Amino acid sequence: MNSLALSDGVLLIATLAIIMKPSASTGIRLSAAVFAAAAFLGVLRFSTLLPLPGMHSFFSGLGASAAYPLLAAAFLWPDSAVAQSWRFASIFLIIAGAFGLVASALEFNLWGNFLAIVAVVALLFRSIKDKDVMAAMGSGSLLAALLLFSSQFSLPPVLQPGDFLHLFMALGLTLMATRSLRLPQQAAALSSVNQASLE
């Protein structure tokens, strides 16, 4: 089986795990759903079970131009409507995706890659500023995924550029989602401590 199908399968499992966690914010789960759709289509495409290159390319582009910015918004502003509301997260995704389609129609092919890298760099800088090790590792993994893929780095005959994208994305998204799940617990613990001190 093609290595790309296997690494896309790893990414699919990682994103499905995020989607199934109700404690994760809406924005994170919706962005993970877009990545999951691209990964699922990638498994079908690269395993030759049901090659759908057009649909796979569409969802991959949607991930770059819309899901990455949504992921960044959900982490940078965890209490915002975009992070918490299905309605506003969906509107954000649709508008960002529409801009991506316009850029594609105008043959501005770097638009999606530019937005994805800007979103991930913003996450990395924020994580470093907050001295958040797990978030920094997660955003660093996502940045490595994008840079290795754009540079077409490979280790033939074992790993292709797309494999690095899929595997580092799976690692980065898992770390970022784990970090986001700790925030409500930390907030609840802090609230209980404050309440106890008041009593």
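Student: Which helix gives the largest share of the lining of the largest pocket?
Tutor: α3, with 11 residues. This is a predicted model, so local features need pLDDT of at least 70 and side-chain atom pairs count only at pLDDT 80 or more, while totals for chains, interfaces and linings use all residues. Residues are numbered from 1 along each chain as its sequence is written, and side-chain values use heavy atoms, with hydrogens and water left out.

Student: What counts as a pocket here?
Tutor: On a 1 Å grid over the protein atoms alone, a pocket is an open set of points with protein on both sides within 12 Å along at least five of seven lines. A cavity is a set of points where a 1.4 Å probe fits but cannot get out. Lining residues have an atom within 4 Å of a point.

Student: How much space lies in the largest pocket?
Tutor: About 930 Å³. Grid points are joined across faces, edges and corners, and the volume is the space filled by probe spheres set on the points.

Student: Which residues are closest to its centre?
Tutor: S57, S60, G61, A64 and N113, out of the 40 residues that line the largest pocket.

Student: And which helices supply at least two residues of that lining?
Tutor: α1 (3–19), α2, α3, α5 (86–105), α6 (111–129), α7 (133–150) and α8 each do.

Student: What is the lining of the largest pocket like by class?
Tutor: It has 21 nonpolar, 17 polar and 2 charged residues. Ala, Val, Leu, Ile, Met, Phe, Trp, Tyr, Cys and Pro count as nonpolar, Asp, Glu, Lys and Arg as charged, and the others, Gly among them, as polar.

Student: Cavities next. How many of 30 Å³ or more are there?
Tutor: The count is 1, and the largest cavity has a volume of about 30 Å³.

Student: What lines the largest cavity?
Tutor: I18, I28, S31, A32, L71, F75, L173, M176 and A177 do. The elements that give two or more residues to this lining are α2, α3 and α8 (161–198). By class, the lining of the largest cavity has 8 nonpolar, 1 polar and no charged residues.

Student: How do α2 and α3 cross?
Tutor: The axes of α2 (residues 26–46) and α3 (residues 53–76) come within 8 Å and cross at roughly 160°. Axes are lines fitted to C-alpha atoms, for helices over the stretch in contact, and angles run from 0 to 180 degrees between N-to-C directions. The two helices are therefore roughly antiparallel to each other; angles over 145 degrees count as that, under 35 as roughly parallel, 65 to 115 as roughly perpendicular and the rest as oblique. By class, the contact of α2 with α3 has 18 nonpolar, 7 polar and 1 charged residues.

Student: And how do α3 and α6 cross?
Tutor: Their axes come within 8 Å and cross at roughly 15°. That makes α3 roughly parallel to α6.

Student: Loops, then. What is the phi of T48?
Tutor: Near 65°, a positive value in a residue other than glycine. T48 is in the loop between α2 and α3.

Student: Is T48 buried or exposed?
Tutor: T48 is exposed, with a relative accessible area of 60%. Buried means under 20% relative accessible area, exposed over 50%, and partly exposed in between, with a 1.4 Å probe and protein chains only.

Student: What about K131?
Tutor: Phi of K131 is near 55°, again positive in a residue other than glycine. K131 sits in the loop between α6 and α7 and is exposed, with a relative accessible area of 75%.

Student: And D132, buried or exposed?
Tutor: D132 is buried, with a relative accessible area of 14%. D132 is found in the loop between α6 and α7.

Student: Which peptide bond is cis?
Tutor: The one from P156 to P157, with omega near 5°. P157 is in the loop between α7 and α8.

Note on methods. Helices (H or I, at least four residues) and strands (E, at least two) are DSSP runs, numbered from the N terminus.
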